[in-house]
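Subject: Structure handover

Dear colleague,

I am passing a structure on to you, and below it you will find my notes on what turned up in it. Please keep the structure open while you read, and look up each residue as it is named.

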Amino acid sequence: MDEHYKPQELEQAARQHWLANKSFAVKQDDGREKFYCLAMFPYPSGKLHMGHVRNYTIADVIARYQRMLGKNVLQPMGWDAFGLPAENAAIQNNVPPAKWTAQNIDYMRTQLQRLGFAYDWDREIATCDPRYYRWEQWFFTRLFEKGLAYRKKAEVNWCESDQTVLANEQVVDGCCWRCDNPVERREIDQWFIRITAYAEELLSDIDKLEHWPEQVRTMQRNWIGRSEGVNLRFGLASALTTGEHSLEVYTTRPDTLMGATYVAVAPQHPVARQAAQDNAALAAFIEEQSRGKVAEAELATMEKLGMATGMSAIHPLTGAELPIWVANFVLMSYGSGAVMSVPGHDERDHEFACKYGLPVVQVIARSEGDHTYDTARWQDWYADKDGIVTVNSGEFDQLDFTGAFNAIADRLEAQGKGERTTNYRLRDWGVSRQRYWGAPIPIINCASCGTVAVPAQDLPVILPTDVAFEGVGSPIKKMPGFYQTTCPGCGGPATRETDTFDTFMESSWYYARYASARNDNAMLDAEADYWAPVDQYVGGIEHAILHLLYARFFHKLMRDEGLVHSDEPFTRLLTQGMVLKDGSKMSKSKGNTVDPQSLIDSYGADTVRLFSMFAAPPEQSLEWSDSGVEGANRFLKRLWKLVARRLESAAPPLDTATLDGQQKALRRKTHETIAKVSDDFGRRQTFNTAIAAVMELCNEVGKLDEANPQNRALADEALRVVVLMLCPIVPHICHHLWQLLGGAGDVMNAPWPTVDETALERDSIELVVQVNGKVRARMSVAAGADKAAVEALAMQQPNVARFLEDVTVRKVIVVPGKLVNIVAN
């Protein structure tokens with residue numbers, strides 16, 4: 001054996017072996033427990049970054065470990081290949097998005113293969129492949145037929161320059177992130193999927209996700225946002241020209257209704273629009289507010305702006321007239337676009353009222369203690385529900401929150417002016433985008449038949465890939481050859497939908513398609529049901545809400561279509577931390593990125609994998625360290641040399657009956673390490689501590705005098721255990737070391753090492769001796785010593801005896817295997 005570690009040669013040979021033997025190809029096997037391990041698939045941006053490497057290494061370690069436990073393990077890989085970045089690249093480099101994407105996939109696939117990830121490449125998918133999105137289109141038509149997919153006008157961020165809808169994250173200081181031109185709020189036709197129909201199930205089933213981080217479960221609960229409240233109606237002093245004579249409002253605090261002093265409506269509300277017809281200043285204000293973000297999160301920090309409409313609402317219980325204001329903190333897309341404003345007990349309403357001189361009325365007070373109310377100064381207790389009573393509320397005075405809630409809700413219902421209801425913060429999922437590089441929405445618009453789904457036999461609707469970008473906007477909107485068609489209903493002329501799907505659509509069901517990737521006749525088949533749900537999902541915390549929520553929703557939709565029979569897509573979730581350098585997240589803009597490819601070229605893939613797993617627990621951020629990478633490489637070199645030294649002379653069979661004390665201690669260390677690493681891999685998923693334990697064991701092996709035959713046998717056992725336990729983390733070097741150590745077959749198929757309980761037995765144990773709870777000595781006793789012998793030996797310890805002079809021993813407490821506590825006074 002060459003004592004020099006040569007990672008490039010070793011790793012290439014290992015990969016060639018895996019490729020030739022299709023080592024990671026997997027199929028359904030009802031005779032073994034299945035384990036589906038998945039990392040969130042990447043966008044094919046062109047190169048892997050260290051965040052990718054860490055994410056995929058974590059998942060690969062888990063997959064390989066579960067395989068060694070004897071399970072039937074699926075670990076696939078694919079590409080989240082649609083999206084706006086490809087269009088940006090096309091415009092900048094004059095390369096069609098399809099070509100740019102395919103080139104990037106080829107390069108990144110090679111990088112992943114060099115890292116030795118155990119993927120079943122036969123199941124590879126790319127979401128821009130018509131064989132993939134055909135089934136997404138088919139499923140959408142099923143939802144459309146059920147009424148779960150629909151089109152309506154919706155308020156969006158619109159960039160006139162780029163002729164596209166922007167996500168809230170793409171609006172920077174009121175301007176488009178790409179062209180820096182102003183963004184406006186606009187109502188346009190959008191396609192939606194009715195996720196709100198599943199809101200209650202999505203919320204209640206969070207309780208089933210026992211192996212998800214609590215932080216993620218809380219984020220999902222908050223996003224769904226279930227609340228109990230009342231829908232109530234304020235009358236209008238003057239009916240709208242459309243005939244409307246009331247404003248509907250939802251509130252979770254009907255107990256404060258008697259403190260409402262104004263009503264606020266969104267700039268796009270019919271009341272605001274009618275009022276603006278004869279008010280140029282109001283019209284200008286509404287136009288100004290149409291520019292900017294629609295994100296609910298922005299409302300808490302943005303300056304509260306408003307203008308009176310000159311119209312009035314009628315309080316549903318008192319009959320008082322309240323002014324109606326247009327306010328920028330009210331969104332037309334949330335609820336009815338109108339809110340009752342109670343400045344005495346809502347901080348946002350209070351800020352607005354103080355700014356514009358509107359009345360502030362106290363209607364709740366603290367039931368105990370001295371809590372002085374000041375209308376000019378907000379205090380947090382003003383919004384409390386607990387420990388309060390109603391005041392200044394007429395017949396509803398002196399009620400607690402629940403009592404006031406029910407009394408006022410009862411009165412509104414009796415008068416036909418409101419009703420109790422359950423509401424959700426969650427809104428239906430808008431799935432249409434005006435960009436080009438996405439899956440075409442399979443809808444045909446006919447003047448006679450209306451909106452018609454593309455028949456299944458005509459799918460997929462293929463996105464043209466030979467396109468030229470001329471100016472802004474989607475090229476397919478200028479391609480009659482694409483959008484001109486005939487109606488499947490009447491045969492008359494019709495047009496195709498030119499919007500494409502939001503890329504969250506593709507990423508919401510890809511995990512299931514991996515299982516049926518080779519089936520061109522169905523979206524999913526029986527194998528998908530066999531593998532579902534994913535047993536271990538790995539990905540960033542930034543996907544904790546939208547991606548995971550949409551995937552959970554899509555899984556339930558597929559269940560109700562009979563495609564799967566489980567309720568949730570992912571059983572266990574691990575959200576890995578970021579990779580930092582100099583305290584900041586790696587990014588090109590900061591110039592602090594590290595190219596994993598150069599590290600692989602310099603040190604080998606195993607070094608990169610080992611550092612990624614050793615530097616920090618997986619859920620915590622990893623601080624980049626050049627010295628840490630070098631340290632990982634030194635350890636692999638040392639491991640290689642340990643095996644080379646071990647093979648210099650043959651080892652006899654291990655004879656456990658002849659081992660002396662030091663030899664028993666090393667064997668005990670070997671099996672204690674197996675127990676710890678097994679727990680770290682399986683239950684705790686703290687791979688860094690597992691690696692540290694293996695390193696400690698290697699240190700002990702390195703101290704052995706191998707002139708002793710039984711020492712060589714002990715080293716042989718320990719090194720085999722080390723190779724088995726490191727195999728999931730550094731598979732290339734372990735592939736070779738296992739063979740050199742005489743292991744049978746591929747190490748990746750070898751069983752995970754098991755603990756020999758007899759090796760853990762000790763001839764003697766160390767106990768702490770306390771007098772009145774304070775440590776006074778440590779002593780070694782025979783492992784089988786009885787209580788009387790332990791007590792006697794404890795009394796004989798010189799430093800213990802000193803503290804027992806001139807006192808009476810009242811009690812001796814022996815905690816087996818740990819301590820002796822002598823109580824004396």
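Let me begin with Q398, which sits in the loop between strand 17 and helix 11; helices (H or I, at least four residues) and strands (E, at least two) are DSSP runs, numbered from the N terminus. Before going further, please note that this is a predicted model, in which local features need pLDDT of at least 70 and side-chain atom pairs count only at pLDDT 80 or more, while totals for chains, interfaces and linings use all residues. Residues are numbered from 1 along each chain as its sequence is written, and side-chain values use heavy atoms, with hydrogens and water left out.

Backbone

The phi angle of Q398 is near 65°, which is a positive value in a residue other than glycine. Q398 is also exposed, with a relative accessible area of 55%, where exposed means over 50%, buried under 20%, and partly exposed in between (1.4 Å probe, protein chains only). The loop between strand 17 (388-390) and helix 11 (401-414) also holds N392, whose phi is positive as well, near 50°, and N392 is exposed at a relative accessible area of 53%. Such angles deserve a remark because most residues other than glycine have a negative phi, and most peptide bonds are trans.

Two cis peptide bonds can be described too. One runs from L459 to P460, with omega near 5°, and P460 belongs to the loop between strand 22 (450-453) and helix 12 (480-483). Another joins A532 and P533, with omega about -5°, and P533 is in the loop between helix 15 (526-531) and strand 26 (534-540).

The loop between strand 22 and helix 12 also contains P475, which counts as buried at 6% relative accessibility. Leaving aside neighbours within four places in sequence, P475 is in contact (heavy atoms within 4.5 Å) with Y436, V467, A468 and F469.

Cores

A nonpolar core is a set of buried Ala, Val, Leu, Ile, Met, Phe, Trp, Tyr and Cys residues joined through side-chain atoms within 4.5 Å. The largest such core has 171 residues, and F140, M523 and M558 touch the most other members. If residues up to four places away in sequence are not counted, F140 touches A149, W191, I193, V431, I441, P442, I443, F501 and M505. Apart from this core lies another, of 34 residues, which includes V249, F285, L322 and V342.

Cysteines

How many disulfides are there by the rule that a pair of cysteine sulfur atoms must lie within 2.5 Å? The count comes to 0. For C487, the closest cysteine sulfur is that of C446, at 3.7 Å, so the two are too far apart for a bond. C487 is buried, with a relative accessible area of 3%, and C176 counts as buried at 2%.

Surface

Finally, M1, L647 and L740 form a nonpolar patch on the surface, with about 230 Å² of accessible area together. Accessible areas come from the Shrake-Rupley method with a 1.4 Å probe, and for residues only the protein chains shown count as cover. L647 is partly exposed, at 34%, and lies in the loop between helix 19 (626-646) and helix 20 (661-684).

With best wishes

Definitions and conventions: Disulfide = S-S within 2.5 Å. Patch = residues over 30% accessible without salt bridge, like charges linked within 9 Å, V, L, I, M, F, W, Y side chains within 5 Å. Salt bridge = Lys/Arg side-chain N within 4 Å of Asp/Glu carboxyl O.
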